[in-house]
Amino acid sequence: MDLIRVATLNCWGLKYVSKDRHERIAAIADAFSNSDHDIIALQELWVEGDYNTIRSAVSHRLPYAKRFLSGALGAGLAIFTRWPVISTSVTPYSLNGEPIDVAGGDWFVGKAVGSVIIMHPILGRVQVFNTHLYAKGGEDGPEHKRAHRLVNAWEFAKVVRQAAELGNYVIAMGDFNSVPSSLPIQVILDHAGLFDAWTACHNHVSPPSEVISPVDGVVKYGITADSPLNSYRGPNPSLDPLVRMYQGKRLDYILFRRPSHPLVSSPMRKLECQDSKVIFTTPIPRNNCSFSDHFGMEATFVISTASIWAMEASEMSLTTFSAVLGALQAAYRISLARSRRELMTFALCILVLLVLTFGSARLAVPWVNPILVLFTIAITWLATTMLYEGYIFGNWERRALHGTLEELELHKQALAVQQSYEGSGIY
């Protein structure tokens, strides 16, 4: 039986910030070096030394590797594979939060989708994607709070769909920062035509009707984040209703699909998910800490022969289109209002600087001058930040939102035209 075993893990490898990073990276490297995975996708592997540690540990089984660099600090993405890599690409997402959100940091790292095309001995060209979507926004409240993640999801779905239309098999992994029922996941699955490996193997499991144990959350519902089993989760009970219901969230995924059309010269093959489970759920041996603040996910695919290559059309529903368009339009209006406030703050700062400049010349109190200098520096910094945030980033954000809205509207119109042709029997 021909199998492909894949795994994904968010390593939580932030330099100076992530706890126990050196011990955890060493443990992750050791665990993967003794595993039987054919392809591994890692996220938040920011430090080059950590990447080299893992690469050295797994190179005897996975000799081909690619680390993706994007933004000021790198995308934190890496792929290790058993089979030769024939090409690579990285597509930075157009929206990754705000530059003034230093604590979040998404804007600085330049989150992206990276991919490698490998030459599999049976399937031929397989394009493996690795990504990490924008984190901020949560799951509750209006959808416009997650507008940047929705743009990420649309851009991710487009590149995956294009890969399948070029005749490549697709395996996509990563930290999508979205629960299965969320709008970004609907966009990804519907527009890209992807199947969720976990759902394929656990679709018989019903939502919990009562309080479940943390172990059941992992085993039955694929929980990878915010689990009480993870040593890095806070001691206080979560107030998030989803976390309370499932004992955490499923944010990490392994997705797959076959090409849109088979290559004429090759037998018709298909990928089927045989098994999928959560990994790295136990503490590091001889240590009380978890491998990461996320658990990992693995899947085993079986390669079988398809007697008939049925077309598997997949498109977003009108409800999904409306929800995405409404969220992005609301985000555009909010962005415009925010930019106006920030530019008004900039104008006010300029006025204050003018008053300080002319007022200090008439002030003959020596001890006040150092205070005025510090105050002037602070106002100048605020003015510069508001100008950049309100004008440069504001226009950047709205152009990205506008471009995505146009793409969605055009795609929606194209589908309507196609459906009208099919209804009239032209196709």
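Trainee: How many bridges join strand β7 and strand β8?
Mentor: β7 covers residues 124–132, and β8 covers residues 169–175. Strands are DSSP E runs of at least two residues, helices H or I runs of at least four, numbered from the N terminus. Strands pair if DSSP finds at least two bridges between them. β7 and β8 pair in the parallel sense, and the bridges number seven.

Trainee: What is left out of the side-chain values?
Mentor: This is a predicted model: local features need pLDDT of at least 70, side-chain atom pairs count only at pLDDT 80 or more, and totals for chains, interfaces and linings use all residues. Residues are numbered from 1 along each chain as its sequence is written, and side-chain values use heavy atoms, leaving out hydrogens and water.

Trainee: Which residue of β8 is the bridge partner of H132?
Mentor: H132 falls within β7, residues 124–132. Its bridge partner in β8 is D175.

Trainee: Which are the edge strands of the open sheet of six strands?
Mentor: The order is β5-β6-β7-β8-β10-β9, with mixed pairing. An edge strand pairs on one side only. That picks out β5 (85–92) and β9 (195–196).

Trainee: At about what angle does helix α4 run to β7?
Mentor: α4 is residues 147–165 and lies across β5, β6, β7, β8 and β10. Axes are lines fitted to C-alpha atoms, for helices over the stretch in contact; angles run from 0 to 180 degrees between N-to-C directions. For α4 against β7, the angle is about 175°.

Trainee: How is α4 set against α5, roughly parallel or roughly antiparallel?
Mentor: α5 is residues 183–192, and its axis lies 9 Å from that of α4, at an angle of about 15°. Under 35 degrees counts as roughly parallel, over 145 as roughly antiparallel, 65 to 115 as roughly perpendicular, and the rest as oblique. So α4 and α5 are roughly parallel.

Trainee: Where does I100 sit, and is I100 buried or partly exposed?
Mentor: I100 is in the loop between β5 and α3 (106–109). Its relative accessible area is 43%. Buried means under 20%, exposed over 50%, partly exposed in between, with a 1.4 Å probe and protein chains only. So I100 is partly exposed.

Trainee: Leaving aside neighbours within four places in sequence, which residues is I100 in contact with?
Mentor: Contact means heavy atoms within 4.5 Å. Y388 is 288 residues away in sequence, with its C-alpha 9.6 Å from that of I100. The contacts of I100 are T385 and E389.
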